[in-house]
Amino acid sequence: MHKIAEVEIQHDIMLANRKLAKKNQKILDKDEVFAVDVLGAIGSGKTSLIERLIQEMEQPMAVIAGDVISKFDAGRFEKYDVPVVGLNTGKECHLDAHLVEHALHDLPLADVDILFIENVGNLICPVDFDLGSHIRMVVISVSEGDDTVEKHPLIFKDADLVVINKVDIAEAVGADQDKMVDDVKILNPDVQVIKTSLKTGQGLKEIIEAIEKFMNE
Amino acid sequence: MHELSMADAIVKTVIDAAEKNDAIEVLEVTVEIGKMTLLNPEQIKFMLDVLSEDTILAGATFILEEIPIEIECGSCGYKGEIDSEGLDEYTPILICPKCEGHEISIIAGRECNVKNIKIEKSDEDAQDS
């Protein structure tokens, strides 16, 4: 003879990640590290942008390179003599707060002012997972098509800074870069949208100023 | 495709609760998924079925309920659920239904909540609890 029972659980899996993310931010704040979650599609220029920021910004930096196989991007950052932790997600399409916590323990945070966390190239899955960063910078490029923003609204809704990269080739790929800016503004009226070309250097100074402004807020 | 990791977390949460409650079998699991998550309930359900094999959840019925989207408008102060019937999937985060402003914050609809489970206990255990 068995008995059936109902058990209330009320465990929000998303909330569990958000709690871990808050813990990560506390770890970062303890050492006064400003963390930027860098999100964007595959090939939008996330790694190249971080490389340029490492070269152009004066603050001591560190990088968490998240990828399905992270050694390629991690190797690129190591050339600049900054602390780097590669996070392999294996089969997963995004970083989560738990993975990032492990990486934080492997970084000399006391000697770091800015931490770039390069997320897995993907405009969908990372949206659901806060990492504990202070800002989310979304990097897309014109070569992904000028309907990219419309097709992935949530990531832009949550963004603190949006970069539209490779504008030097917009004409060649038939992309309307101003439409992309307008589409972001509909979703997120107050966000700063910066048009860049890492090839010509256009917009790089504005990104640095925007990040520094967030740091001083 | 983070349905796999979410389904894995759901299964682990249920196994943990089932063991704590001395279940001998899990009959039913109810999960609430926010309409504004980027999770596909169909895929979650498939993953749950696969991951349940050879666990205490094997054969359980999974009930997936939807949590509606609630927003707060920074312009007019509207706070509440959005009737998204007939609208594009993401229209609720674009336009306030009251003032048609764009200063929208999403206050509900991003959850993935393991709500409750129905378990079978042996009579002896049932009397203990």
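Guide: Two strands pair if DSSP finds at least two bridges between them, and the strands and helices themselves are DSSP runs numbered from the N terminus, with at least two residues (E) for a strand and at least four (H or I) for a helix. The model is predicted, so that local features need pLDDT of at least 70 and side-chain atom pairs count only at pLDDT 80 or more, while totals for chains, interfaces and linings use all residues. Residues are numbered from 1 along each chain as its sequence is written, and chains are lettered from A and ligands numbered from 1 in the order in which they are written.

Visitor: Which strands stand at the edges of the open sheet of 4 strands?

Guide: The pairing in this sheet is mixed, and its order is β1(A)-β6(B)-β1(B)-β2(B). A strand at the edge has a single partner strand, so one side of it is left without a neighbour in the sheet. The strands placed in this way are β1 of chain A and β2 (61-67) of chain B.

Visitor: Which residue is the bridge partner of A5(A) in β6(B)?

Guide: Strand β1(A) and β6 (residues 112-122) of chain B run antiparallel and are joined by 9 bridges. Within β6(B), A5(A) has as its bridge partner I119(B).

Visitor: Which residue of β6(B) does V31(B) stand opposite?

Guide: β1 (residues 23-34) of chain B also pairs with β6(B), in the antiparallel sense and over 9 bridges. The residue of β6(B) that V31(B) stands opposite is V114(B).

Visitor: Which element gives the largest share of the side of chain A that touches chain B?

Guide: Residues are in contact if their C-beta atoms, placed from the backbone, lie within 7 Å, and the contact takes 27 residues from chain A and 32 residues from chain B. On the side of chain A, the elements that give two or more residues are β1 (2-12), α1 (13-30), α6 (153-157) and α8 (177-187). The largest share, 11 residues, comes from β1(A).

Visitor: Is Q10(A) buried or exposed?

Guide: Q10(A) lies in strand β1 of chain A and has a positive phi of about 50 degrees although it is not a glycine. A residue is buried if 20 or more other C-beta atoms, placed from the backbone, lie within 10 Å of its own, exposed if 12 or fewer, and partly exposed in between. Because Q10(A) has 10 C-beta neighbours inside 10 Å, it counts as exposed.

Visitor: And is K166(A) buried or exposed?

Guide: K166(A), in the loop between β7 (161-165) and α7 (170-173) of chain A, has a positive phi of about 65 degrees although it is not a glycine. Because K166(A) has 24 C-beta neighbours inside 10 Å, it counts as buried.

Technical notes. Contact = placed C-beta atoms within 7 Å.
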